[in-house]
Amino acid sequence: AYDTSLAPPSTLLSINNHISTSSPSPFSSSSSSSSLPPLHPRKQASFFVQCYLLTRRALLQVVRDQYSLLVLYGLTLFSACLIGMLYHKSAFIGPPSVEVIAKCPSDYQFLCAQNQEDTYMVQGLLMCLSLGLTMGSSSLATFGGTEKLVYTREKQTGQNNIAYLISKFLSVLPNQVLATFLFVVVFCVLTSPVVPFWKVFLTALGISEVCTGIAHLMSILTVDNTALIVTVVGICICNILSGFNPTLAQLQDALGTFLGRALPSLSYSRWAIESFYLSVVVVYDHIYDISFSLNAWSYTLHDY
């Protein structure tokens, strides 16, 4: 220690120079620059790396959301069992013979020419409605809720939008296929349709794909409070325009030729029901005269 109270100014200056040179400050720029590594430019992950990482994260999100999985598979199983129990004794019996139809009054012969037992149009409609509502309502969380905030935040860091969309589509694909497979298995076991299993599965898979897409679109375009309502109403409107009741001919009479054809063409139910029904009646084409039922529903067997 130095007693600097009586020291001359020249002595104080020499002491200060000695202290500053012997113990440099740890906060000086020279010491900090020499201890820290140099900063390198940030390297962005490639497109395929982003696809892999985002898909892995999206799949983990789906697996960890056990409540949504329980709701999805529970509603799928319940609706398939309900439809199957309602029509477990269903069978196709075509129209009576020509002699029996000729005995009817001329004004009522079209009623006599109807199929004696035919519930496959109703089965197709219920399949479109139940499976469509189940898959649509369970797919709203893919792009809705907190996912919008996550997407907005990560987009600012240079995330590829195409990679994000691909990862989300791939994450919903397993549940989409497995839930549809479960529905078709239960439905076919209970009803024992004459249609091959793979035809029913492809029709049901198309229903699931379209309704999942409707839910994704509504969750992106609308807020979370209205996305569910708009999705459910949209699926119900598609089933109204399916051509079951009112039929395709009645829709053209009510809406005009253009709208009567254009609006049902936009409905997934119109094509799914036609595919399912024609795959059934084509089996009985060599047994019954099914021309009346085809004309009543405005179907053509050659389109099958």
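Predicted model: local features only at pLDDT ≥ 70, side-chain atom pairs only at ≥ 80, totals over all residues.
Leu170 counts as partly exposed, because its relative accessibility is 40%, a value between the 20% and 50% cut-offs. Leu170 sits in helix α9, and it belongs to a nonpolar surface patch of about 720 Å².

Which helices each supply at least two residues of the nonpolar patch? They are α3, spanning 47-64, and α9, spanning 161-191. Helix α9 gives the largest share, with six residues.

Now to the cysteines. A disulfide is a covalent bond between the sulfur atoms of two cysteines. The count here comes to one disulfide, and it joins Cys104 to Cys112, with 2.1 Å from S to S. The link of Cys104 and Cys112 is left-handed, with -105 degrees about the S-S bond.

Cys211 is in no disulfide: its nearest cysteine sulfur belongs to Cys238 and is 7.2 Å away. Cys238 is likewise in no disulfide, and the nearest cysteine sulfur to it is that of Cys211.

| Cysteine | Relative accessible area | Class |
|---|---|---|
| Cys104 | 16% | buried |
| Cys112 | 21% | partly exposed |
| Cys211 | 0% | buried |
| Cys238 | 14% | buried |

Definitions and conventions:
Residues numbered from 1 in each chain as written. Heavy atoms only, no water. Patch = residues over 30% accessible without salt bridge, like charges linked within 9 Å, V, L, I, M, F, W, Y side chains within 5 Å. Areas by Shrake-Rupley, 256 points an atom, 1.4 Å probe, with all protein chains shown as cover. Salt bridge = Lys/Arg side-chain N within 4 Å of Asp/Glu carboxyl O. Helix = DSSP H or I, 4+ residues; strand = E, 2+ residues; numbered from the N terminus. Buried < 20%, exposed > 50% of the residue type's maximum accessible area, 1.4 Å probe, protein only. Disulfide = S-S within 2.5 Å.
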